[in-house]
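Dear colleague,

I am handing over the structure below, together with an account of what was found in it. Please look through the sequence and the model first, and then read on.

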Amino acid sequence: MYIHKKGYGVITTVVLIAAIIVAAVLFLLPIKWLQIIITLFCSVVAFWSFTFFRVPTNRTTTVEENAVVSAADGEVVVIEEVEETEYFHDKRIQISIFMSAYNVHVNWFPMNGVVSYYKYHPGKKLFAINPKSSELNERNTLVVKDEQGREVLFRQIAGVMARRIICHVDKGAEAKVGEEFGLIRFGSRVDFFLPLDAKINVKIGDKVKGKITVLAHL
């Protein structure tokens with residue numbers, strides 16, 4: 001495990017603020033039990049800032065023919081047939097993964113191919129578990145096309161705690177399953193839009209692991 005480089009600035013800021021607060025409390029607040037509580041709280045916040053930006057290094061990417069692998073850690077909160085209105089403009093199976101503030105927040109490509117579509121959308125800060133967040137929140141939409149011409153759309157969605165979506169790729173980039181393509185800071189969500197004939201391998205409530213869990217087979 002290592003710390004993502006995009007977290008260095010945030011971690012440094014959080015640790016400095018926590019250290020200043022603790023120092024002020026120890027010098028200015030004479031009540032011992034309050035000193036202990038505030039110090040513990042600041043320590044937990046500082047430690048959490050490290051764990052949020054962690055990147056696991058001990059995972060082996062699942063490579064299976066026709067597989068769509070999870071791009072994120074989290075919980076499956078939606079599996080339903082919907083009308084996809086941004087790119088396909090037809091019916092698709094939507095699978096949504098909710099990423100809590102305690103999950104790894106790196107995102108990895110779910111399949112091999114080429115990025116055939118990319119678009120950033122500014123938006124609101126609704127709770128990521130809200131179904132409307134897929135249409136109204138700040139989000140990045142990507143589509144990967146494989147060698148057979150099959151396309152899967154996946155969308156990074158910012159949540160109420162998220163303050164920035166990071167994406168390292170653009171249209172035309174090569175996609176390789178298990179390679180990092182982005183990061184969402186704090187609570188968030190990733191949606192997948194699959195062909196109607198895809199065989200779904202997960203169910204609502206399942207805990208999934210990025211790079212490992214197969215969501216579906218095309």
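Rings of Phe, Tyr and Trp, the last by its six-membered ring, are taken as a pair if their centres lie within 6.5 Å. With that in mind, F109, F154, F181 and F192 form one aromatic cluster. Please note that this is a predicted model.

As for the chain as a whole, its secondary structure comes to three helices and 16 strands. The protein chain has 218 residues, of which 50% count as buried, and it exposes about 11,100 Å², with carbon and sulfur atoms supplying 61% of that area.

V144 is buried, because its relative accessible area is 0%, and buried means under 20%. When its neighbours within four places in sequence are left aside, the residues in contact with V144 include F109, M111, V152, F154 and A175. The C-alpha atoms of V144 and M111 are 7.5 Å apart in space, while the two residues are 33 apart in sequence.

A search of the whole structure finds six aromatic pairs. One of them is formed by Y87 and Y117, whose ring centres are 4.9 Å apart and whose planes stand at 45°, so the pair is tilted. Since Y87 lies in the loop between β4 and β5, whereas Y117 belongs to strand β7 (residues 113-121), the pair ties together parts that are 30 residues apart in sequence. Y87 counts as partly exposed, at 25% relative accessibility, whereas Y117, with a relative accessible area of 18%, is buried.

Y117 also takes part in a polar contact, in which its side chain is joined to that of E86 at 2.8 Å. The place of E86 is in the loop between β4 (74-84) and β5 (90-99). Apart from its neighbours within four places in sequence, E86 is in contact with Y117, K119, H121, T141 and R155.

N66, although it is not a glycine, has a positive phi of about 70°, and it is found in the loop between β2 (54-55) and β3 (67-69). K211, likewise a residue other than glycine, has a positive phi near 75° and sits in the loop between β15 (207-208) and β16 (214-217). As to accessibility, N66 counts as partly exposed, at 26%, whereas K211 counts as buried, at 13%.

Finally, there is a feature on the surface to look at, where L26, F27 and L28 form a nonpolar patch with about 420 Å² of accessible area together. Of these residues, L28 has its place in helix α1 (residues 8-28), and it counts as exposed because its relative accessibility is 71%, the cut-off for exposed being over 50%.

With kind regards

Methods
Residues numbered from 1 in each chain as written. Predicted model: local features only at pLDDT ≥ 70, side-chain atom pairs only at ≥ 80, totals over all residues. Heavy atoms only, no water. Patch = residues over 30% accessible without salt bridge, like charges linked within 9 Å, V, L, I, M, F, W, Y side chains within 5 Å. Areas by Shrake-Rupley, 256 points an atom, 1.4 Å probe, with all protein chains shown as cover. Salt bridge = Lys/Arg side-chain N within 4 Å of Asp/Glu carboxyl O. Helix = DSSP H or I, 4+ residues; strand = E, 2+ residues; numbered from the N terminus. Buried < 20%, exposed > 50% of the residue type's maximum accessible area, 1.4 Å probe, protein only. Polar contact = N/O pair within 3.5 Å; in protein donor to acceptor, adjacent residues only side chain to side chain. Contact = heavy atoms within 4.5 Å. Phe/Tyr/Trp six-rings, centres within 6.5 Å; stacked < 30°, edge-to-face > 60°.
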